[in-house]
Amino acid sequence: MGIYLIVLYVLAMLVLGYWAMRKTKNVNDFFLGGRNIGPWMSAFAYGTTYFSAVLFIGYGGKLGWGFGLHTMWIVAGNVIIGSLLAWKVLGRRTREMTARLNAMTMPEFLAERYRAPALKVLAALIIFVFLVPYSASVYMGLSYLFERAFDLPYTTALGILAGLTAVYLIMGGYFAIALTDFLMGLLMLAGSGILLTLLISGAGGIGQTFRLLTNWATCSPALNPPPGTPAPAIPNWLTLASLVVLTSVGPWGLPQMVQKFYSIKSGEQVKRAMIVATLFALIVTLGGYFTGAMTHINIPNAPHVTTVTASTGDYTSGKDLPVKMKDGQPVMLPGGKPDIDWDRWIPTYLGNKLPAWVLLLIALLVFAASMSTLSSLVLVSSSAVAIDLYGGSVNQRADRKTILLLMRILCGLFVAVSLYVALRQPKIIINLMAISWGVLAGAFAAPYFYGLFWRRTTTIGAAAGMIVGVGAVLMVVRQYGDAGIPLAAAVAILSPFVVVPVVSLVTKPFEKTHLDKCFGVDQEPASKQAVTEPVGS
C-alpha cells in the first residue's frame, strides 16, 4: 500500500513538473518563477526549504535525545528569528533592491551591490561546493526513513530519490517547485500534527508528557551526564546555544532561503507571507524536535544501556538505541561504549512506536519536506555555475537559451555529486548540514544584510566578511574536530557582522550615484533629494 501511495505522489509531481516546463520559457522563469509567486506559495516554499529530513531525522534524533525539552530553544529561535524576523526585516527590502539591480542570485546581488565581479565568482564557487554536503545529508536522512518504512535497502532508496529529484527539477525549475510546495506544506502540517497527537496520547496526555520530559536526570543526558563521564572539550550548553544560532540566524544568509524573497510577486505581499511562514515553522519544528525529546519516554534504561543483535544489527524493541555495525559486529568507542547510529534513531523509534499507516504518513511528510529542500539546493547550485560563473564571467555573450540548457545539465550533475557523497557517508547527517550552513551563512549573511541596509558598506568590507566567515569554520573545526562543528558554524555566522562594518569604516565608500541606484532615491530625505537630485532623475 505504501509503495502505491509513493508512486501516485511521484506521478503527480512529474505531471506538475511537465506542466511547469511548458510555461518555463527563460532563465528568469526557471530560477525565480518570473518573480510572480504569491505570498502563500512563497511562504510554503520558504518553510519546506527550511525544514527537511535533516530536521526530522538528524536534528530530531541526536539533539532531541541529548538535550530533551531544551531543544525548544531551537524551536523558538527557528520560529522568531529564522522565520518571523527574517521575513519582516529582509523580505521587502530584498525584493525591491534585487529588482532594481536586476539580480537573480546571491552572487549577482553581491557583484552589483559592491561593483565587484570577483565577488560573484567567489560566491558562486562557495555555493556550488558547500551545498553538496547539505544535499547529501538530506538524501541520507530521507533514505534512512524509507529504509525503515518501506523495507528498501538504503542504496536503493537513495538512487530512487536522487533520480526523481533530477528529473522533476530539470523539467520545471522553480515554477514547478512553487506549484508543489503548497501541497507538500499541507502534508507536512498534517503529518506533524498527527505525529504529536499520537505520541502525546500514547504517553498519557500532555500533562504526563511534560512531567516526564522535565525530569532533568533522565531527559537531558547532554546537559546532565552520568557520574564519571569525561567533560567535553566544548561545554554542551555552548553547543546548544551554537545550534540555535546556526539554525535561526543561518537562514538569513543561505542562498536557497533568500531566493524566496527575490521571487515573491511584490513587496506589499511580504507581510502575509511572513505570518504564514511563521505559523508553518511553529508547527513543523515542534513536530521534529518534540518528537526527538519524546524518545526518552517509556525508555528508562536507554541512555546508558544498549542492546543489539550483533549478527544483523537489528533492534528488537523501543528500548534499543541503534548501533553502528561493521562486519556483523557493533562498532565500539574508546572506553567500551557502542557507537550510536543517530541517523537511524528516529526511524527506529517511530517504527517501534507507531502503527504502519502513521509511519507511512510520516515518511510522506519527510519526503515532501526533503524534495522541496533538495529542489531548492540543486536549483541554487546550478545557477551559481550557469548564471554566475559561465554567463557572468566565462562567456558574457551567452544567450539565455544556452544558460537555461546549462542549468538543466548542472542540476543533474549536482544530484550525481550529492549522491556520491551520501553513499560515501563521511559524517553523520547533523555534521554535514552544520558544515554547509556554517560556511554559506558565514560567507553571505553579513555582506548581504549590510548591503541591504547600510550605505557605508564597502567592497573590501564585504570581502573581508566573506573570508572571515569561511575561515572561522575551518579554524574551529581544526581545533576541536567534529565536536566543534556547531560552535564553528555559529562563530562563522556572527563574526562577519563585526568584521564587515569595522573594515568598511576604514575603507573608501561608494559614490552617491551608485548608492542611489542600489537603494533608490527614496532612501534619501525629501529635502536632500530636492537639493542634490537633478530634475527628471
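Modeller: Happy to. In helix α19, V491, A492, I493 and L494 meet P496, F497 and V498 of helix α20, where contact means heavy atoms within 4.5 Å and helices are DSSP runs (H or I, at least four residues) numbered from the N terminus. The residues of this contact divide into seven nonpolar, no polar and no charged; Ala, Val, Leu, Ile, Met, Phe, Trp, Tyr, Cys and Pro count as nonpolar, Asp, Glu, Lys and Arg as charged, and the others, Gly among them, as polar. The axes of α19 (residues 485-494) and α20 (residues 496-505) come within 5 Å and cross at roughly 25°. That makes α19 roughly parallel to α20, a label for angles under 35 degrees. Axes here are lines fitted to C-alpha atoms over the stretch in contact, with angles from 0 to 180 degrees between N-to-C directions.

A word on the basis: this is a predicted model, in which local features need pLDDT of at least 70 and side-chain atom pairs count only at pLDDT 80 or more, while totals for chains, interfaces and linings use all residues. Residues are numbered from 1 along each chain as its sequence is written, and side-chain values use heavy atoms, leaving out hydrogens and water.

Now to the core. The largest nonpolar core has 138 residues, being a set of buried Ala, Val, Leu, Ile, Met, Phe, Trp, Tyr and Cys residues joined through side-chain atoms within 4.5 Å. Helix α7 (residues 117-149) gives the most to this core, with 16 residues. Among the residues with the most contacts inside the core are W87 and M294. Leaving aside residues up to four places away in sequence, M294 touches L199, I200, A203, T209, L213 and Y349.

W87 also brings in the rings. The structure holds 15 aromatic pairs, meaning Phe, Tyr or Trp rings (for Trp, the six-membered one) with centres within 6.5 Å. The ring centres of W87 and F261 are 4.8 Å apart and their planes lie at 85°, so this pair is edge-to-face, the term for planes over 60 degrees apart. W87 lies in α5 (residues 72-101) and F261 in α12 (residues 255-263), so the pair ties together parts 174 residues apart in sequence. Both W87 and F261 are buried, that is, under 20% relative accessible area with a 1.4 Å probe and protein chains only. Ring pairs link Y46, Y50, F51, W87, F261 and W437 into a cluster.

Methods:
Helix = DSSP H or I, 4+ residues; strand = E, 2+ residues; numbered from the N terminus. Parallel < 35°, antiparallel > 145°, perpendicular 65-115°, else oblique. Phe/Tyr/Trp six-rings, centres within 6.5 Å; stacked < 30°, edge-to-face > 60°. Buried < 20%, exposed > 50% of the residue type's maximum accessible area, 1.4 Å probe, protein only.
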